[in-house]
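Me: I have a structure to go through. Can you take a few quick questions on it?

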Amino acid sequence: LKEKRDLLVNGLNKISGFKCSLPQGAFYVWCNIENTGYNDLELVDILLEKAGVACLSGRYFGNNGKGFLRFCFASVTVYEIEEALEKISGLF
């Protein structure tokens with residue numbers, strides 16, 4: 001899980017407008033997307049429709065989650081994370 005976590009966080013942080021902190025004990029990543037020009041609800045739809053990448057809006061976890069996306073890495077492979085990062089990067 002550590003390898004997948006590090007890959008996902010480092011990859012998302014390379015994408016313009018995405019800012020992630022390294023989680024210490026979770027199997028998901030919180031990513032601030034406020035500098036992308038989209039809100040979390042819009043970006044969830046865009047990533048799913050245009051890149052085939054599923055994530056959740058942070059606002060589903062409370063008002064403090066607005067402007068964040070939650071990416072889970074527990075049940076995906078390293079290859080799938082690399083592929084998802086490439087697809088997301090292609091949109092930005």
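Me: Which residues in α2 meet which in α3?
Reply: This is a predicted model, where local features need pLDDT of at least 70, side-chain atom pairs count only at pLDDT 80 or more, and totals for chains, interfaces and linings use all residues. Residues are numbered from 1 along each chain as its sequence is written, and side-chain values use heavy atoms, with hydrogens and water left out. In α2, Ile46, Leu47, Lys50 and Ala51 meet Lys87, Ile88 and Leu91 of α3; contact means heavy atoms within 4.5 Å. Helices (H or I, at least four residues) and strands (E, at least two) are DSSP runs, numbered from the N terminus.

Me: At what angle do the axes of α2 and α3 cross?
Reply: Roughly 110°, and the axes come within 10 Å. Axes are lines fitted to C-alpha atoms, for helices over the stretch in contact, with angles from 0 to 180 degrees between N-to-C directions. The two helices, α2 and α3, are therefore roughly perpendicular (65 to 115 degrees).

Me: Switching to the sheet. What is the strand order?
Reply: β1-β2-β4-β3, an open sheet of four strands with antiparallel pairing; two strands pair if DSSP finds at least two bridges between them. The edge strands are β1 (19-20) and β3 (56-57), each pairing on one side only.

Me: How many bridges join β1 to β2?
Reply: Two. Lys19 stands opposite Asn32 in β2.

Me: And where does α2 lie relative to the strands?
Reply: Across β3 and β4, at about 40° to β4.

Methods. Parallel < 35°, antiparallel > 145°, perpendicular 65-115°, else oblique.
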